Amino acid sequence: MPYAEREIRHKAARLHTSIPVHTHIHNMKILYRTKQIILLLGDAGSFVLGFVLAFALRNFSVPNLETLLTHAPLFSLIFALWFIVNYINGLYDLSHTDKPLWYRRVLETGLMSLILSILLLYLHPQREITPKTILLLNVLLGYSLAILWRIIYRIFIGSKRLQTRVLIVGYSEEIKDFIHIIQDHPERGYEISAIIDTHNQIPEGLLNDTVEVYKSYSVIRPAITKHNAEIVVTAPHLTQDQLVLRELYTLLFWPVRVIDFYTLYETLTNRVSPATFSEDWFLSNLSKLEHPVYNRFRRLTNATASVVLGIIFAIL
């Protein structure tokens, strides 16, 4: 291999290893979890406010603190049940917050929570407290406020906020799949700002209208500046292209991250890109397919959780 080519590849390798890629990906996961927690806290506020309003509507007066505290233990248990139902029905999956008819999922979850809460009231040992009217009002008000909260969330915190802008260098079938994933799942925190396609391979209608297409690798730096790109992803077939490597090396001291396509793909999808599979890949990952210690620990954890839940439901 000529010395100049070895030097280019060596510098490109320095570029990839000098940037904290895994730190960025970890931060994106933290951001996703933070959004989920914010959504959950908003639901908690909606349920508590609905609890207070239910007493106010039931008695046509401001409820006193003693009454609220008397019912607080029972409704705390009911709210915990609602959160479990919400989680099972995917209300904290951020991909559902932008889907059409998302509010129907919330209403269906509210109905399921009402049915399970009624069963819980009959099973609960405190027979002196049977606030069925309060429960019905609390479900109606709580989940109505939850819908209102999600509308506010979509406007100010939703999936289209706090996006990481991505510049894609090159186009291939792997990149096509990658584009679909990012555009179909904005809640994962990435947005394609621009793409460089030197051979006019991108089919019509693939990209959103906001994505700009360039025809030369020499515009990588201007494109980063124009679109405030934070991540540069290179198509797999260009990892050995000297022209592309030269351009990438100039980004060594730029405030931008060059992330390996396969790493980002696996992070977004939790699966390995089909283009990665080869005999070498299977040999290098064969040892990861089975983890006896982990499998035993998982089985033990599942059994313990089942016993604990069984005891709880038996007590109730």
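Two strands are taken to pair if DSSP finds at least two bridges between them, where strands (E, at least two residues) and helices (H or I, at least four residues) are DSSP runs numbered from the N terminus. On that basis, the bridge partner of Val169 in strand 4 is Thr234. The model is predicted, so that local features need pLDDT of at least 70 and side-chain atom pairs count only at pLDDT 80 or more, while totals for chains, interfaces and linings use all residues. Residues are numbered from 1 along each chain as its sequence is written, and side-chain values use heavy atoms, with hydrogens and water left out.

**Parallel strands**

- Strand 1 (residues 164-169) and strand 4 run parallel and are joined by four bridges, and Ile168 has Val233 as its bridge partner in strand 4.
- Strand 1 is also parallel to strand 2 (residues 190-196), with six bridges between them, and here Val169 stands opposite Ile196.
- Strand 4 pairs in the parallel sense with strand 5 (residues 257-259) over three bridges, and the partner of Val233 in strand 5 is Ile259.

**Burial**

- Both faces of strand 4 (residues 231-234) are covered, with Ile231 and Val233 buried on one side and Val232 and Thr234 buried on the other; buried means under 20% relative accessible area, exposed over 50%, and partly exposed in between, using a 1.4 Å probe and protein chains only.
- Five of the six residues of strand 1 are buried, which leaves this strand mostly covered.
- The chain crosses from strand 1 through helix 6 (residues 173-184) to strand 2 in a right-handed β-α-β crossover, a term meaning that, with the strands pointing away from the viewer, the path from the first strand over the helix to the second runs clockwise.

**Helix 8 and Leu248**

- Strand 4, helix 8 and strand 5 make a right-handed β-α-β unit.
- Leu248 lies in helix 8 (residues 242-249) and counts as buried because its relative accessibility is 3%.
- The C-alpha atoms of Leu248 and Thr234 are separated by 9.4 Å, the two residues being 14 residues apart along the chain.

**Helices 3 and 4**

- Helix 3 (residues 65-88) and helix 4 (residues 102-123) pack at an angle of about 140°, with their axes 10 Å apart; axes are lines fitted to C-alpha atoms, for helices over the stretch in contact, and angles run from 0 to 180 degrees between N-to-C directions.
- That angle makes helix 3 oblique to helix 4, because angles under 35 degrees count as roughly parallel, over 145 as roughly antiparallel, 65 to 115 as roughly perpendicular and the rest as oblique.
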